[in-house]
Amino acid sequence: MTAFSTLVSGWRWPVLALIASAAMLAGAHAFETFGGLAPCPLCLRQREVYWALIAMTLTGLGIWRLVPKRRFLVALNMLIGLVFVTGVIVAAYHAGVEWKIFPPPAGCSVASAGVNPLEIGSLDQPLVIPRCNEAPWHFIGLSMAGWNGVISLVLAGISFAAAAITLRTYRAA
């Protein structure tokens, strides 16, 4: 068994997927808090994918502890992969909106003033919600949405590989 196979077989990949999801959320919050890059509605939608993955994976690992079956871990890894694919789709749509390939959803193309329910400051001054079709940060030609899509694609591929490896190698106790 290779080092990669050992790393992603059995329960290890769901735990690593949890860590990766938490790291992606931490990174997004760091850009927001320390970088001053407020999230647009599509940015928040991308975060929802990671929150959903964390909830699903924690639930799945809890169930697996009660019923430790190999096929359950295979199904969990497949579901994790599908959630990451959902992240790829949401990120690709957001990047497409930034590149003007897709039309932005209602309320995303014009900087709107309103109260952000997550941040209550002075109620005398409306908060500005960033536009979804303007990327405030790029690295090597990709925006945060683009990088989120690339990372989600890699994690989806690892998830499907983990499902295949677990199907072939893992022995339930």
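Trainee: Is Cys40 buried or exposed, and at what relative accessibility?

Mentor: Cys40 counts as buried because its relative accessibility is 3%, where buried means under 20% relative accessible area, exposed over 50% and partly exposed in between, with a 1.4 Å probe and protein chains only. Keep in mind that this is a predicted model, in which local features need pLDDT of at least 70 and side-chain atom pairs count only at pLDDT 80 or more, while totals for chains, interfaces and linings use all residues. Residues are numbered from 1 along each chain as its sequence is written, and side-chain values use heavy atoms, with hydrogens and water left out.

Trainee: How many disulfides does the structure hold?

Mentor: A disulfide is a covalent bond between the sulfur atoms of two cysteines. The structure holds 0 disulfides, a disulfide being a pair of cysteine sulfur atoms within 2.5 Å. For Cys43, the closest cysteine sulfur is that of Cys40, 3.4 Å away and therefore too far for a bond; Cys43 itself, at 23% relative accessibility, counts as partly exposed.

Trainee: At roughly what angle do the axes of helix 2 and helix 3 cross?

Mentor: Two packed helices are described by the angle between their axes and the distance between the axes. Here the axes of helix 2 (residues 12-33) and helix 3 (residues 41-66) cross at roughly 150 degrees and come within 9 Å, which means that helix 2 is roughly antiparallel to helix 3. Axes are lines fitted to C-alpha atoms, for helices over the stretch in contact, with angles from 0 to 180 degrees between N-to-C directions; helices are DSSP runs (H or I, at least four residues) numbered from the N terminus, and angles over 145 degrees count as roughly antiparallel, under 35 as roughly parallel, 65 to 115 as roughly perpendicular and the rest as oblique.

Conventions. Helix = DSSP H or I, 4+ residues; strand = E, 2+ residues; numbered from the N terminus.
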